[in-house]
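Me: I would like to go through some of the labels used for this structure and ask what each one rests on.

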Amino acid sequence: MNAAERKVKLQELIATKKPCRTGIPIMYHGVRREFDAYEIPLEYLVYNPYNGRIGSMVKSYERQHHTINPEDPQDKKLIEKFLWESKIDANKKTKERLLREHQEKHGIVTADGSIIDGNRRSMLLNNIMADHNIPFNEKSHCQFFIAIILPDDANKKEILALETTYQMGEDVKVDYNPIEKYLKCKDLQDAGFTPDDIAQMMDIKPGEVRTMLSALQLMDDYLDEYDYSGMYTQLDKNEDSFLKLDSALKKYRAGVPSMWAYDPDADVSDLKLIAFDYIREGFEQTLFRNIISAPSAKKPASSFFAKEEVWGDFRDRHFAITDAVEEYSVAEIMASNQTDLSRALKARDQQWKLKVGDDLEENFTLSLDKLNNHADAAKPLQLLIKACQALEVVDVTQESFQRDRNIRGCVESLEEFVTKFKGILGM
């Protein structure tokens with residue numbers, strides 16, 4: 001059934017059937033109006049593939065395969081799969097409740113049957129009707145979706161506003177994946193809504209909207225860097241790292257007083273790329289801040305980037321590690337993995353991590369020790385004790401102790417420091 005046919009069916013239903021619920025107030029075209037809800041046969045409806053709950057999965061799939069058509073039977077099954085997998089445990093419970101207690105909350109559909117609010121419930125009703133283990137007399141009520149049918153004058157902007165208000169404002173029974181909220185903010189901004197408008201629809205503060213839009217741009221930059229443009233499922237659970245990085249980059253680009261003379265473009269760009277690599281590596285978020293955090297008066301040695309003496313060596317070692325790695329391009333992987341591309345791309349990340357992980361962590365540890373030494377620079381006794389303790393555990397019996405030229409250089413440096421310190425102390 002196409003859009004025109006669904007529209008005719010819904011108009012016939014309004015003309016011939018009594019509403020099952022009346023006087024439902026919603027904001028429509030900026031005015032509070034009352035609408036009626038009807039029992040709509042499921043076959044009169046189509047899913048909204050850009051539903052806020054599954055936006056990241058749909059956009060990722062479309063980037064990798066084709067534009068989803070909700071009228072196509074195979075794409076319909078795909079949307080149902082995405083909706084089911086978005087919250088499996090919650091879906092199982094809601095399915096049982098729909099079967100036992102019927103549909104308590106109405107949905108909203110357009111004049112041609114596209115679901116604005118209620119994609120998940122409609123999917124579960126379809127799931128129940130397709131479940132041959134449930135006797136028909138127990139599930140007959142599930143062949144209908146109770147919903148408001150909007151007038152024909154609902155434009156795209158009005159539909160987006162209603163969808164957002166009901167899905168991410170009032171309808172919070174099932175939590176959304178954080179990335180879905182970011183994508184919804186961007187869709188609304190692109191449709192012409194201001195941060196204040198979006199905040200009101202999503203029941204958050206305007207500042208949060210601006211933060212999400214800025215962080216999403218950084219996430220897009222991250223995806224572009226690894227040739228994953230539009231593949232939002234590659235972001236996994238890294239929201240906190242992107243928020244921290246976005247905040248730090250803004251500070252550095254604006255200029256941080258009492259820091260070394262870094263270039264707000266070139267040096268900050270290096271920081272961004274290195275931070276991306278550590279996000280891709282899956283680095284512990286509590287340690288991640290040691291790479292990026294902006295300094296303060298109380299904590300001038302807040303991160304590697306905050307101290308030029310630490311940053312230079314850390315940066316150079318990092319790029320030497322990552323530049324030496326070769327991996328299959330995304331185009332090559334897409335050409336050879338048509339069935340489960342998402343898994344193949346995650347495997348690409350995992351292989352990259354196996355190649356660089358140990359070296360990145362070693363570089364981090366070396367740099368963290370150096371940073372801590374800068375932080376403790378005003379505590380000479382503690383640093384000398386730490387150095388002595390480190391020397392005590394050097395295994396001089398190893399063959400490499402005598403053969404490694406770098407060890408001889410380190411010993412000579414130690415001798416120079418000891419001579420220098422003795423001279424200062426008058427020894």
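Me: How do you know which residues Ser302 touches, not counting residues up to four places away in sequence?
Reply: In this predicted model, a contact requires heavy atoms within 4.5 Å. Arg289, Asn290, Ser293, Ala294, Pro295 and Leu371 meet that condition with Ser302. Ser302 itself sits in the loop between α13 (285-292) and α14 (308-323).

Me: Why is Ser302 called buried?
Reply: The relative accessible area of Ser302 is 8%. Buried means under 20%, so Ser302 is classed as buried.

Me: What makes the approach of the Ser302 side chain to Ser293 a polar contact?
Reply: The side chain of Ser302 reaches the backbone oxygen of Ser293 at 2.9 Å. The backbone oxygen of Ala294 lies 3.2 Å from a polar atom of the Ser302 side chain.

Me: Why are β1 and β4 said to stand at the edges of the sheet?
Reply: The open sheet of five strands runs in the order β1-β2-β5-β3-β4, with mixed pairing. β1 (21-28) and β4 (115-117) each have a single partner strand, so one side of each is left without a neighbour in the sheet. On average, neighbouring strands here are turned by 45° against each other, direction ignored.

Me: How do you know that β3 and β5 pair?
Reply: Pairing needs at least two bridges. Strands β3 (residues 107-109) and β5 (residues 144-149) have three bridges, in the parallel sense, so they count as paired. Gly107 stands opposite Ala147 in β5.

Terms used. Residues are numbered from 1 along each chain as its sequence is written. This is a predicted model: local features need pLDDT of at least 70, side-chain atom pairs count only at pLDDT 80 or more; totals for chains, interfaces and linings use all residues. Side-chain values use heavy atoms; hydrogens and water are left out. Helices (H or I, at least four residues) and strands (E, at least two) are DSSP runs, numbered from the N terminus. Buried means under 20% relative accessible area, exposed over 50%, partly exposed in between (1.4 Å probe, protein chains only). A polar contact is a pair of N or O atoms within 3.5 Å; within protein, one must be able to donate a hydrogen and the other to accept it, and residues adjacent in sequence count only if both atoms are side-chain atoms. Axes are lines fitted to C-alpha atoms, for helices over the stretch in contact, and angles run from 0 to 180 degrees between N-to-C directions.
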